[in-house]
Amino acid sequence: KKINDSHGHETGDAVITVAAQRLRATVRDLGTVGRLGGDEFTVVHEGAMSLAALGDLAGRLVVAFEPPLRIGDQEVKVTVSIGVSKFPEHADDAEGLLRAADTALFRSKERGRNQFALFNQEMLEEAARKFTIEQGLHGAIERDELRLVFQPELSLEGNRAVAVEALLRWQRADGRLVPPGEFLAVAE
């Protein structure tokens with residue numbers, strides 16, 4: 001999007017084309033590269049590759065995109081985020097494998113640029129938990145369940161308040177307090 005907005009769609013298309021060529025050159029005969037849409041690609045490898053070997057391939061892909069792409073007379077720096085899933089350990093159909101890889105991709109993006117993540121079941125459970133909290137927060141706003149609590153900071157000299165912290169608390173309709181560690185990161 002940034003490239004399309006700043007340099008036009010022709011340059012954006014060229015970046016996609018050169019990125020695809022770099023992907024194919026890195027993957028070579030280890031798999032098939034396909035574009036899912038936008039700037040998302042998938043690599044499909046049919047064979048008995050271990051999770052460690054898939055991790056090695058993902059690492060090689062990250063390294064392959066460290067040098068900028070050459071687009072005409074300019075260099076364009078791009079970053080990659082990679083999610084890895086494996087049949088049949090993570091899913092037994094194409095849709096499930098893509099969902100698992102997408103979940104791992106999200107974890108990769110959380111870690112920062114030029115990263116990869118191997119899928120594990122905990123990622124899916126964490127994604128479901130975050131979704132539930134996010135949906136609950138929407139309802140909490142509508143039901144007026146969020147509260148500000150003011151906590152004074154006291155000076156040991158003179159025993160007086162020198163500052164006040166404003167803390168957000170979520171008290172569900174049933175009276176249960178949701179710990180801040182469970183919802184604040186999602187709320188942010």
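Is glutamate 126 buried, partly exposed or exposed, and what is its relative accessibility? Glutamate 126 counts as partly exposed because its relative accessibility is 25%; the partly exposed class lies between buried (under 20% relative accessible area) and exposed (over 50%), with a 1.4 Å probe and protein chains only. This is a predicted model, in which local features need pLDDT of at least 70, side-chain atom pairs count only at pLDDT 80 or more, and totals for chains, interfaces and linings use all residues. Residues are numbered from 1 along each chain as its sequence is written, and side-chain values use heavy atoms, with hydrogens and water left out.

**View 1. Glutamate 126 and arginine 129 meet in a salt bridge.** The N to O distance is 2.9 Å. A salt bridge here is a side-chain nitrogen of Lys or Arg within 4 Å of a carboxyl oxygen of Asp or Glu. The two residues are three apart in helix 5, so about one helical turn separates them. Helices (H or I, at least four residues) and strands (E, at least two) are DSSP runs, numbered from the N terminus. Arginine 129 is partly exposed, at 34% relative accessible area. The structure holds nine salt bridges.

**View 2. Lysine 130 and glutamate 110 form a salt bridge.** Their closest N and O atoms are 2.8 Å apart. The pair links distant parts of the chain, 20 residues apart: lysine 130 sits in helix 5 (residues 121-142) and glutamate 110 in helix 4 (residues 94-111). Lysine 130 is partly exposed at 26% relative accessibility. Glutamate 110 is partly exposed at 42%. Arg107 joins Glu110 and Lys130 in a network of salt bridges.

**View 3. Glutamate 89 forms a salt bridge with lysine 86.** The closest N and O atoms lie 3.4 Å apart. Glutamate 89 is partly exposed, at 47% relative accessibility. Lysine 86 is buried, at 13%.

**View 4. The largest nonpolar core has 20 residues.** Such a core is a set of buried Ala, Val, Leu, Ile, Met, Phe, Trp, Tyr and Cys residues joined through side-chain atoms within 4.5 Å. Val15, Phe65, Leu69, Val78 and Ile82 touch the most other members. Helix 2 (9-27), helix 3 (51-64), strand 3 (69-71) and strand 5 (81-84) each supply at least two residues of this core. Helix 3 gives the most, with six. Valine 15 touches Ile3, Leu69, Ile71, Val76 and Val78, not counting residues up to four places away in sequence; contact means heavy atoms within 4.5 Å.

**View 5. The largest pocket has a volume of about 1800 Å³.** On a 1 Å grid over the protein atoms alone, a pocket is an open set of points where a 1.4 Å probe fits, with protein on both sides within 12 Å along at least five of seven lines; lining residues have an atom within 4 Å of a point. Volume is the space filled by probe spheres set on the points, which are joined across faces, edges and corners. The lining holds 49 residues, of which Asp39, Glu40, Phe41, Ser81 and Leu105 lie nearest the centre. Helix 4 supplies the largest share, eight residues.

**View 6. The second largest pocket holds about 180 Å³ of space.** Its lining includes Arg107, Glu110, Glu126 and Lys130. Helix 4 and helix 5 each give two or more residues to this lining. Helix 4 gives the most, with five.
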